[in-house]
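Here are some notes for a colleague who is opening this structure for the first time. Please read them with the sequence and the model side by side.

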Amino acid sequence: MALRTETDKGSKVAVVTLDRPTRLNAIDLATAGELAAAWRAFRFDEEVRAVVVTGAGGRAFCTGIDRGAEVPQPPSPYTIDDPLLAIGPKANDLWKPVIAAVEGMACGGAFYLLGEAEFVIASEDATFFDPHTTYGMVSAYEAIAMAQRMPFGEVARMSLMGTAERVTARRAYETGLVSEVTAPGGALAAAVRAATTIASYPTAAVQGTVRAVWSAKEAARAQAMAHAPHLIALGNLAPERQAELFEGRSRGGDGAPRLR
């Protein structure tokens, strides 16, 4: 199992931990399936009123899709199979509040999870970046998710600069991606404290509020998401060329400056 789920029956808070630290908590197909199953199970679990999602190991919250995952694609320019589309709580019709606790790196496909959390708490050493353009890929779903939380220019800069720039936790706080910055190692505890407070309130009112907040931007988000597969099909380099760019970058080192 690449996912750990622990529930405190006293506080009614569940902690979901991506547990692949040797792979920087990258998501393979099995992990994607486990995440979807966990969110759907929480819909029926009355012992869970709020959820915290985090990553194990401290080096990364999540680094997106595992580069070793093989995802067969349909032979059509009009469709794309993306296993990360179903890893978030809202994609699985869960309207209980979810808080993300970020330590270390959060990049690429991590934004599928961050984009469907109610809010994000990060430690001082957390960094956020989107590597897609560096490797010849369109940042579509990720950019759309972040556009719900950050000003246009900040989303555009992060999405376009690729691995050349990383957004610090402090800058993420200033731009609205992160709601609280903690000392290193403190993000999970802070997220659990917030989740415990929320879980102590009448759950129907809490879930209704979650649904109301999301409805404010739902139409624009749905329209943008509908365009994403076509943009990816048109703009992505062939997988073989993407792999060449990825390997070349890995050998040369990252060297990305931090955006303060």
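1. In this predicted model, the buried residues of helix 7 include V206, V210 and W214. They lie on the same side of helix 7, because the arc they cover around the axis is only 70°. The helix itself runs over residues 203–215, and its 13 residues reach 18 Å from the first C-alpha to the last, close to the 18 Å expected at 1.5 Å a residue.

2. Which elements do the buried residues of helix 7 pack against? Their partners are helix 6 (187–199) and helix 8 (218–235).

3. Helix 6 also has 13 residues and a reach of 18 Å between its first and last C-alpha, close to the 18 Å expected at 1.5 Å a residue. Buried within helix 6 are A187, A190, A191, A195, I198 and A199. Seen down the axis, these buried residues fall within an arc of 165°, so they line one face of helix 6. They pack against helix 7 and against several strands, namely strand 2 (13–18), strand 3, strand 5, strand 7 and strand 10 (180–182).

4. Strand 5, one of those partners of helix 6, is mostly covered, with 5 of its 5 residues buried. V98, A100 and V102 point one way from the strand, whereas I99 and A101 point the other way, and all of them are buried.

5. Strand 5 has parallel neighbours: 3 bridges join it to strand 3 (residues 50–55), and 4 bridges join it to strand 7 (residues 119–123).

6. As a general point, nonpolar side chains in soluble globular proteins tend to be buried together.

7. Leaving aside residues up to four places away in sequence, K90 touches W95, E116, E118, V210 and W214.

Definitions and conventions
Residues numbered from 1 in each chain as written. Predicted model: local features only at pLDDT ≥ 70, side-chain atom pairs only at ≥ 80, totals over all residues. Heavy atoms only, no water. Contact = heavy atoms within 4.5 Å. Buried < 20%, exposed > 50% of the residue type's maximum accessible area, 1.4 Å probe, protein only. Helix = DSSP H or I, 4+ residues; strand = E, 2+ residues; numbered from the N terminus. Pairing = 2+ DSSP bridges. Expected span 1.5 Å × (residues − 1). Arc of directions from axis to C-beta.
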